[in-house]
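Morning, everyone. Please bring up the sequence and the model, and follow along with me.

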Amino acid sequence: MKKTPKAMILGTGRATPERVLTNADLEKIVDTTDEWIRERTGIERRFIAADHETNSQFAARAAQRALQSANISAEQIDIIVQGTVTGDVGFPANACYVQELIGATNAAAFDISAACSGFIYGLALADGFIASGKARYVLVIGCELLSRITDWKDRATCVLFGDGAGACVIGPSEGERGLIDTFIKSDGRLTELLCMKGRGTSIPLEVALAERKVFLAMQGREVFKYAVTAMGDASAHILEKNGMTSDDIDLFIPHQANLRIITATAKRLNVSMDKVYVNVQDYGNTSAASIPIAIDEAIEKKRLQSGNRCLMVAFGGGFTWGSALVQL
Ligand code: UT7
């Protein structure tokens, strides 16, 4: 019988704009304070792309770094899947622009619209493609330029988000190391709580512009509650399904939206904060990019080393959520 290949992370990379926007800078734009932002979110600064920079440029840069660290050429990539809600254009897929920029001439490229869960959704797909033998190397990218869909007049949202990219090369594992499991879920009854209504086809563009519906809109308090419950449940579910407890995990990487959400989720799971990776203070919420950026940083800082077990969990608009268990 044909042995099912196990997928593993072969290389990681990240890319961010040069420009940093601090909380003090935001105090000059909207009625807010550094103290409020730190206390309510844990965020201190975030990267913001310059006007001439594009999503595909950052995605390609992160992808090239991941390819380099995996020692894989762009031509070897079979699939490029990018989690994003802020692609360069309405269509085609941003992953196609990335394909062109990196020269992955043998790949099929497409995007996933799962908001902040886009990277975990991408990992689940990569796992399936590799396990079924339909692909050998999959490039999973999370990249957002949320600054382009942020309402810079809305203090309740504009202090939260940042721009950035993270990427992982996923390929077959020779041994026991690799992706142990993935879990994805959504609840379409809750689309209204976090969305951008006016850049699709349901509202005429001139109406959307007049009603300022062309920006990300969020009911923060509601999203907060669901995020803690769903991320806690998705983590507990994947651990239990694989006969593990939080004690079996070396590093927990939750989606970096808000330090209070991260600490509440860790508490729910009974995980001490020294096992939790936190970088929301430096990036803000970068949506689909937050987990791959964190993985790349954690490896660089040796918080994640070969053989370590890592639990990742995300939550975002849709609502969508999901978790992934991996042994590096
Ligand atoms: O990526 C996945 C999706 N996103 C998330 O997971 C984010 C989820 N939500 C959150 O992180 C939090 O709900 C927020 C950080 C967005 C807001 O924190 P909160 O503790 O839920 O605050 P709130 O919305 O209940 O607002 C409290 C007060 C309000 O004033 P009043 O009504 O109490 O007088 C707001 O008007 O804080 C006010 N406020 C601000 N004040 C200063 C809201 N934004 C700001 C601000 N600066 N930037």
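One definition before we start: a residue is buried when its relative accessible area is under 20%, exposed when it is over 50%, and partly exposed in between. Keep in mind that this is a predicted model.

Now the whole chain. Of its 328 residues, 55% count as buried. The secondary structure comes to eleven helices and 13 strands. The radius of gyration is 19 Å, close to the 20 Å that the globule rule gives for 328 residues, so the chain is as compact as a globular protein of that length. The C-alpha trace spans about 60 × 45 × 35 Å along its principal axes.

How do the contacts run along the sequence? Take contacts between residues at least 6 apart in sequence: 76% of them join residues at least 24 apart.

Next, the surface and the charges. The chain exposes about 14,600 Å². Carbon and sulfur atoms supply 50% of that area. There are 35 positive and 38 negative side chains. The centres of those two sets lie 3 Å apart.

Let's go to helix 5, residues 118–131. Does its length agree with its residue count, or disagree? At 1.5 Å a residue, its 14 residues should span 20 Å. The end C-alpha atoms are 20 Å apart, so the two agree. Helix 5 is also mostly covered, with ten of its 14 residues buried. Among them are Phe119, Ile120, Tyr121 and Leu123. Asp127 is buried in helix 5 too. Just after the helix, Gly133 takes a positive phi of about 80°.

Now find helix 11, residues 290–300. Nine of its eleven residues are buried, so the rest of the structure largely encloses it. The buried ones include Ile291, Ile293 and Ile295. Asp296 and Glu297 are on that list as well.

Stop at Glu297. Why does Glu297 count as buried? Its relative accessible area is 6%, and the cut-off for buried is under 20%. What does Glu297 touch, leaving out residues up to four places away in sequence? The answer is Arg14, Tyr277, Asn279 and Tyr283.

On to the backbone. Most residues other than glycine have a negative phi, and most peptide bonds are trans. Here are some exceptions.

Start with Lys302. Its phi is near 60°, a positive value in a residue other than glycine. Lys302 sits in the loop between helix 11 and strand 12. Is Lys302 buried or exposed? At 59% relative accessibility, Lys302 counts as exposed.

Then Arg212. It is not a glycine, yet its phi is positive, about 50°. Look for Arg212 in the loop between helix 7 and strand 10. Arg212 is partly exposed, with a relative accessible area of 39%.

Two cis peptide bonds next. One joins Phe91 and Pro92, with omega about 5°. Pro92 is in the loop between strand 4 and helix 4. Another cis bond runs from Gly318 to Phe319, with omega near -15°. Phe319 is found in the loop between strand 12 and strand 13.

To recap: helix 5 is mostly covered, helix 11 is largely enclosed, and Glu297 is buried in the model.

Notes: Residues are numbered from 1 along each chain as its sequence is written. This is a predicted model: local features need pLDDT of at least 70, side-chain atom pairs count only at pLDDT 80 or more; totals for chains, interfaces and linings use all residues. Side-chain values use heavy atoms; hydrogens and water are left out. Helices (H or I, at least four residues) and strands (E, at least two) are DSSP runs, numbered from the N terminus. Buried means under 20% relative accessible area, exposed over 50%, partly exposed in between (1.4 Å probe, protein chains only). Contact means heavy atoms within 4.5 Å. The radius of gyration is taken over C-alpha atoms; the globule rule is 2.2 Å times the number of residues to the power 0.38. Accessible areas come from the Shrake-Rupley method with a 1.4 Å probe; for residues, only the protein chains shown count as cover. Lys and Arg count as positive and Asp and Glu as negative; His and the chain ends are not counted. The place of a charge is taken as NZ of Lys, CZ of Arg, CG of Asp or CD of Glu. The expected span of a helix is 1.5 Å times one less than its number of residues.
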